[in-house]
Amino acid sequence: MKRDKKTLSRRQFIGAAAGVAGALMVGPTVLNGWSENMKKLNEADVAYEDLEADVLVIGGGMAGLFAAVKANDAGAKVMIVSKGRLGASGQTPFAKGIFIYDPQKEKVSLDEFVNSVSASAIGTNNAVYTRQMAEHSLARVAELREWGFFDSPLYNNAFSKPIGQRNIPLIERVTITHLIKEKGKIAGAAGFSVDYQKLYFFKAKSVILCTGAGGFKPNGFPICDLTHDGTIMAYDIGAMVTGKEWNDGHAGKAENAAACFDGWGTMFERKPGLTGVEIHHDLGVDMNYVAYKTGNPVNTRGPGMATANVVGGPYRPAEFQRNGPPEREPGPGLAKRAPSGGRGDRRPPRGGDIPKDGGPPPMMGTSVGGSSAGMAIHKSEGLVPINDQCESNIPGLYAAGDALGSYMAGAIYTQVGSSLAGSAVQGAIAGEAAAGYSSRVEKVEISESQRKIIQKEILAPLKRDAGYSPAWVTQTLQGIMIPNFIIYIKKENLMRAALTYVEELRDHHMPMLRASDMHELRLAHETRNMIISAEMKLKASLMRTESRCSHYRLDYPDMDNENWQAWINIYKGEDGNMQLKKQPFGTWPDGSEL
Amino acid sequence: MSIENINGCIGCGTCVATCPTDVIRLNKQTKKAEIKYPADCQICHLCRMYCPVDAITISPEKSIPVIVSWG
Amino acid sequence: MENKLKTYNRIAAVVAFIGLPIFLWTLSDVPSRTFLKDAISLLTLIAFSCMLMQFYLARSNNKLLKVHRMGSVMKWHKAIGYVFVTVLLFHPLLIVVPRYFEAGIEREEAFVRMITTFDNPGIVLGLIAWCLMLILGLTSMLRKQLPITYKTWRIFHGILSIAFIVCASWHVIMLGRHIDMAMTLFMLTAATIGIFLLLRNYFLPTPKNA
Ligand SMILES: Cc1cc2nc3c(=O)[nH]c(=O)nc-3n(C[C@H](O)[C@H](O)[C@H](O)COP(=O)(O)OP(=O)(O)OC[C@H]3O[C@@H](n4cnc5c(N)ncnc54)[C@H](O)[C@@H]3O)c2cc1C
Ligand code: HEM
Ligand code: HEM
Ligand code: SF4
Ligand code: SF4
């Protein structure tokens, strides 16, 4: 197998399917599958630290920033913990266009904006969250401007400013693995440091998950640090999650498909800028359909026009058909190729030159699919909100941004730049709501028995004598899930087949993951989260027997408005098994109208 | 292969903190950054952009096989 | 004969202290960067190499003085001294200058982070070397104004040079981007012999010229 440039997804899939997963292991680096644990952990070397706050914000992206600031300003004692660095982890560092709805400047009213988004989303959006995002965007952007957000392509300084001014404690490089519930409500969270053999227990009255989205550590999208951690740990304590059947359809370049930076041209080096109202129906799975039907190279002039020569495929509302050159959220491989071979030795635009349309039309070279495999449309997946306050069904647990299944944009990309704006707006809302909640409740203690269990679960991969390497299990999972004919162009028999393999990984590999250091421990927990996410994705996709927005079933190619004007909520049943149920569009989980 | 080289490093630790996928670590003896887990590099260049002395070189190739949806 | 030898010496000096570092620079397998960055790097290396050469353009190098007049050697010593000390005083700034042309952390921030990374001995040595170099330059420039005898000044200048070159070499070997085995060897050899010549000059009676 050639490095990177080429893929053998189909063969790999069949390889895995035939149980000869070893066939995957050709290439320059042979990933070590099962082996002895070289450096087993000595339990006595593990340190522990207990910390306390009213509101614990997990995640240091756009949502986490505003959650912490606003909870603090509402009077709560706040703490931020993130597995990466503030403003330099998750997806936030790579997003360069932020939407504002400025009523003075826009020709459309707020109502018209919301209606237009709803039309493009074919009912899949939650109009309350759509409106909330637009309504508050101007105020959030003004704050960002004050902090210097628009002055640099790198966000750490701007994010550090308000956090520093408020003396909000910030703990970086600590991965949270567990939410802790006592007596039916949130009591805190727990996780571990990647730098030291150290476990953290956070006691908190409320927790705001700002953990972003995730994927299967795909190649071509800078989301390899995100594995839906928040969603899975919330699911584990009984929260409802949603949106797993939807897909982000970003494609990449065939040449060096894994090079995110190169694929996005100079975008990562730009300073952020603003976008205004411009509603689309974009970046679903049209390209995947064309590739499925006609093979590669995909004969298209861009997303939105993909169906030009191909019959059938994902439905696109008439008013959002494309004619001219596409304007869309930029994507890897779609931006003009920069000449330097990725050493960054070039002069990027310094000013707030807004990457509104992602540069020149796509297809400068051959494409490959699945750049963002495992990720749904931003804000369509995540915790189910029970109201417009970003609150989950677990008392004290809030979520914001990509970690909240708010359906702000619907199950398709409708407004460029609204993802970043939505994270900012929801972060602020959740921060205030969580501060209010924690002022009303008493702190609950974390019981010794729970501590023991959590400690054991966190450290388990370090203590195994032998086991599967997380990297190998991840790659096997990728081979099962990422092929176009599994995750994108869906049909029942293949999804059932894939589910069987995923269940095998869940039951037989997940309990046998090994880790020889804290870095690998993080990989082990991430791998577990990806396996559960894969199960959710397949089950939700099997359940949704229709096609709509970014979910496409080859065996149910039409929209089914009779049965499927509904979102799918996933939760852990009494017996510990995964349960799925519908929640009609336009309602909250309790059945009340939006 | 992804992140390739670190030359002229002053050991400030910025890249270690910055890398979202925890690829780089500081060597306590040499006081220099080391590429510890290259297979996990997502080729995002954040480390390079944050490095005060531009010590990091990154190439667009990935060292482990890349799995995509269609080839 | 004398003229030939002079030319020969000049060529040898250029080859040893400019040619060799350039040659070793091209050999090192450090990835190339932009023209500007590579040019700055090379300039710094050559400047440092010329600092090493200073030890050979002095009275202590009595072999040289057999052929060249002290006056002309000193002319070069002074010229090279002033030019490259100036270049090297700007070297810390030059490291962050390319940041002006590219995205990344701001150059001011980069500079401050660099000169405040005190837990790296390489940086501390660089800072010390920089200060010593500044004193070396200033005391040379203001020699006539200083209330010390020429003899005292020379000893002061010599000892300062040794302290400076030790710190600087150490700094360069610890931090230098292009400093591999060969380059290290070259620098250490040049510095050691240079210092040895000077110390010999101090502690042994000067051999009489023929
Ligand atoms: C290449 C690219 C380009 C984009 N372009 C745009 C654009 O132009 N406009 C736009 O609006 N949107 C864009 N987006 C989308 C946008 O970046 C995201 O929707 C938004 O940044 C999400 O912010 P967030 O704070 O919700 O999550 P994230 O920014 O993903 O932050 C998640 C945070 O949670 C932390 N975390 C995760 N798991 C754990 C854990 N287990 N323990 C502790 N911490 C954890 C992470 O370290 C991170 O700090 C783009 C995305 C990408 C990848
Ligand atoms: C900055 C400009 C400099 C000037 C104007 C200068 C000038 C001089 C002068 C006038 C002498 C006395 C020569 C003699 O009478 O023997 C001298 C000697 C010397 N210089 Fe410099 N110098 C400079 C920089 C340097 C530097 C940077 C170094 C070393 C890196 C250096 C190393 C020496 C040495 C080793 C001697 C011999 C000392 C001795 O004989 O006691 N000089 N210099
Ligand atoms: C304020 C003090 C100084 C600082 C902060 C500093 C910083 C640095 C840094 C960060 C590097 C590594 C980056 C690179 O190689 O591109 C470096 C390299 C180097 N420094 Fe310094 N330095 C200082 C003083 C000096 C002095 C006084 C000298 C020489 C006399 C010197 C000579 C060199 C040389 C020759 C290199 C190697 C360049 C290369 O290999 O390309 N430095 N310095
Ligand atoms: S390019 Fe990105 S993923 Fe790779 S080492 Fe640098 S910061 Fe980490
Ligand atoms: S940021 Fe640059 S100088 Fe600092 S430790 Fe990393 S490589 Fe070294």
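User: Which residues come closest to ligand 4?
Analyst: This is a predicted model. In it, the closest to ligand 4 are Cys19(B), Cys41(B), Cys44(B), His45(B) and Cys47(B). In total, 13 residues surround the ligand.

User: What classes make up that shell around ligand 4?
Analyst: Ten are nonpolar and three are polar. The shell around ligand 4 has no charged residues.

User: What is chain B built from, in helices and strands?
Analyst: Chain B has two helices and four strands. From the N terminus, the order is β-α-β-β-α-β.

User: What does the C-alpha trace of chain B span?
Analyst: It spans about 45 × 20 × 20 Å along its principal axes. Chain B has 71 residues, and 75% of them are buried.

User: Pick one. Is Pro60(B) buried or exposed?
Analyst: Pro60(B) is buried, because its relative accessibility is 9% and the cut-off for buried is under 20%. Pro60(B) sits in the segment after β4 (56-58) of chain B.

User: And where is Pro60(B) relative to Leu26(B)?
Analyst: The two are 34 residues apart in sequence. From C-alpha to C-alpha, Pro60(B) and Leu26(B) are 23 Å apart.

User: Switching to ligand 3. Where does it lie?
Analyst: Ligand 3 lies between chains B and C. There are 26 residues around it, and the nearest are Ser41(C), His91(C), His171(C), Arg177(C) and His178(C).

User: Helix α6 of chain C came up. Which nonpolar patch does it contribute to?
Analyst: The patch is on the surface and consists of Tyr82(C), Trp130(C), Leu134(C), Leu138(C), Met141(C) and Leu142(C). Together they have about 520 Å² of accessible area. Helix α6 (residues 121-141) gives the largest share, four residues. Met141(C) is found in that helix.

User: What about Thr139(C), buried or exposed?
Analyst: Thr139(C) is also in helix α6 of chain C. Thr139(C) is buried, with a relative accessible area of 11%. Its C-alpha atom is 7.9 Å from that of His157(C), 18 residues apart along the chain.

User: On to ligand 1. Which residues come nearest?
Analyst: Ser89(A), Thr92(A), Gly97(A), Asp229(A) and Leu420(A), out of 41 residues around ligand 1. A polar side-chain atom of Ser89(A) is 2.7 Å from an oxygen atom of the ligand. Polar backbone atoms also come in: Ala63(A) has one 2.8 Å from a ligand oxygen, and Met62(A) has one at 3.1 Å.

User: How much of ligand 1 does the protein bury?
Analyst: 100% of the 1,000 Å² that ligand 1 exposes when taken alone.

User: Which element gives the most to that shell?
Analyst: α9(A), with four residues. By class, the shell around ligand 1 has 16 nonpolar, 19 polar and six charged residues.

User: Last topic. How many salt bridges are there over all chains?
Analyst: The count is 42. One joins Lys217(A) and Glu526(A), with the closest N and O atoms 2.5 Å apart. Lys217(A) is in the loop between β8 (198-209) and α6 of chain A, and Glu526(A) is in helix α14 (residues 518-543), 309 residues away. Both Lys217(A) and Glu526(A) are buried.

User: Which network do those two belong to?
Analyst: Lys83(A), Lys217(A), Asp229(A), Arg522(A) and Glu526(A) are linked in a network of salt bridges. Asp229(A) is also one of the residues nearest to ligand 1.

User: What about the pair Arg113(C) and Glu109(C)?
Analyst: Their side chains meet in a salt bridge, 3.6 Å from N to O. Both lie in helix α5 of chain C, four residues apart, about one turn of the helix. Arg113(C) is partly exposed at 25% relative accessible area, and Glu109(C) is partly exposed at 23%.

Definitions and conventions:
Residues are numbered from 1 along each chain as its sequence is written. Chains are lettered from A and ligands numbered from 1 in the order in which they are written. This is a predicted model: local features need pLDDT of at least 70, side-chain atom pairs count only at pLDDT 80 or more; totals for chains, interfaces and linings use all residues. Side-chain values use heavy atoms; hydrogens and water are left out. Patches are made of residues with over 30% relative accessible area and no salt bridge: like charges are joined within 9 Å, nonpolar side chains (Val, Leu, Ile, Met, Phe, Trp, Tyr) within 5 Å. Accessible areas come from the Shrake-Rupley method with a 1.4 Å probe; for residues, only the protein chains shown count as cover. A salt bridge is a side-chain nitrogen of Lys or Arg within 4 Å of a carboxyl oxygen of Asp or Glu. A residue is near a molecule or strand if one of its heavy atoms lies within 4 Å of it. Ala, Val, Leu, Ile, Met, Phe, Trp, Tyr, Cys and Pro count as nonpolar, Asp, Glu, Lys and Arg as charged, and the others, Gly among them, as polar. A polar contact is a pair of N or O atoms within 3.5 Å; within protein, one must be able to donate a hydrogen and the other to accept it, and residues adjacent in sequence count only if both atoms are side-chain atoms. Buried means under 20% relative accessible area, exposed over 50%, partly exposed in between (1.4 Å probe, protein chains only).
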